[in-house]
Amino acid sequence: MTIEAFAGNPPIAQDALNQIFVEARTAYRFDETNVVADEDLVKIQELVALGPTAMNSQPMRITWVKSREARERLAEHMSSNNKEKTLSAPMTAILSYDDSYSEHMGLVAPHAVGMSEKLGADAKARRGMGELSSHLQGGYFILALRALGFATGPMAGFSVDGVNKEFFEGTALSAFMVVNFGRAGENAYRPRAPRLSFDQQTETV
């Protein structure tokens, strides 16, 4: 992926802002005939990895749920209103926090000498920094999907313990979000729910 300097770049065009923010909404139905290509998965990961995380730690992991068998296993742990969406989406990703992310600090943060050992020995600091950054990466994941033209349905309605036991038992991974994506189907979107205003959400000090 070619990366150019941001200095002096103008704001992105309004149609791009519309696609990513203004007109984007959570998708509830997908075109079941659509197939998400492996090349698309690579593009998604490459974009997500560029977003800032604490000390460039990149603690989020992505599990692509592609096979019907894996999809059915996942659906067993989804809330009742999320089961059918998960079974019918062209692609589903489980986003998880990797508590062993500090093992990679020498690679991703060579400027931070000794951080791999320090975080490895301090579970509270490791988890505090890692969970925050993995959740940030979950946001980047949704924006990357939208930027690449995918209808996106992020969900928190699932049994974390169930998904962890089903997919990650014996590992350092813990799921925090499940995301369906693909091309939107008929009646995919609900009307946008109200958002807080500038005055309701901000203050100047």
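Reader: Is phenylalanine 141 buried or exposed?

Author: Good place to start. This is a predicted model, and burial is read from relative accessible area, with under 20% counting as buried. Phenylalanine 141 has a relative accessible area of 0%, so this residue is buried.

Reader: How many aromatic pairs does a search of the whole structure find?

Author: The search finds six aromatic pairs. To read the geometry of one, look at the ring centres and then at the angle between the planes, where over 60 degrees counts as edge-to-face. Take phenylalanine 141 and phenylalanine 181: their ring centres are 6.3 Å apart and the planes stand at 80 degrees, so this pair is edge-to-face.

Reader: Which parts of the chain does that pair tie together?

Author: Phenylalanine 141 belongs to helix 7 (residues 123-147) and phenylalanine 181 to strand 4, so the contact ties together parts that are 40 residues apart in sequence. Phenylalanine 181 is buried too, at a relative accessible area of 0%.

Reader: What is the geometry between the rings of phenylalanine 150 and phenylalanine 181?

Author: Here the centres are 5.4 Å apart and the planes are at 75 degrees, so this pair is also edge-to-face. Phenylalanine 150 sits in the loop between helix 7 and strand 3 (151-155), while phenylalanine 181 is in strand 4, so the pair joins parts 31 residues apart in sequence. Both phenylalanine 150 and phenylalanine 181 are buried.

Reader: Which residues do ring pairs link into a cluster?

Author: Follow the pairs from ring to ring and you collect Trp64, Phe141, Phe150 and Phe181.

Reader: Now for backbone angles. What is phi of methionine 55?

Author: A positive phi in a residue other than glycine is the thing to look for, and methionine 55 has one, near 55 degrees. Methionine 55 is in the loop between helix 2 (38-50) and strand 1 (60-65). Its relative accessible area is 29%, so methionine 55 is partly exposed.

Asparagine 187 is another case: phi is near 55 degrees, again positive in a residue other than glycine. The loop that holds asparagine 187 runs between strand 4 (173-182) and helix 9 (198-201). With 64% relative accessibility, asparagine 187 counts as exposed.

Reader: Which residues form a nonpolar patch on the surface?

Author: Leu47, Leu50 and Leu148 do, and together they have about 220 Å² of accessible area. Leucine 148 is in the loop between helix 7 and strand 3. At 30% relative accessibility, leucine 148 counts as partly exposed.

Reader: How far apart in space are glutamate 32 and threonine 204?

Author: Compare the two kinds of separation: glutamate 32 and threonine 204 are 172 residues apart in sequence and 47 Å apart in space, C-alpha to C-alpha. Glutamate 32 is in the loop between helix 1 (14-22) and helix 2, and at 59% relative accessibility this glutamate 32 counts as exposed.

Reader: What does UniProt list for residues 25-167?

Author: An unreviewed UniProt entry lists them as "domain: Nitroreductase". Over residues 25-167 the chain is 52% helix and 13% strand, and the end C-alpha atoms are 29 Å apart.

Note on methods:
Residues numbered from 1 in each chain as written. Predicted model: local features only at pLDDT ≥ 70, side-chain atom pairs only at ≥ 80, totals over all residues. Heavy atoms only, no water. UniProt positions renumbered as here; feature names shortened; annotations may be inferred. Helix = DSSP H or I, 4+ residues; strand = E, 2+ residues; numbered from the N terminus. Buried < 20%, exposed > 50% of the residue type's maximum accessible area, 1.4 Å probe, protein only. Phe/Tyr/Trp six-rings, centres within 6.5 Å; stacked < 30°, edge-to-face > 60°. Patch = residues over 30% accessible without salt bridge, like charges linked within 9 Å, V, L, I, M, F, W, Y side chains within 5 Å. Areas by Shrake-Rupley, 256 points an atom, 1.4 Å probe, with all protein chains shown as cover. Salt bridge = Lys/Arg side-chain N within 4 Å of Asp/Glu carboxyl O.
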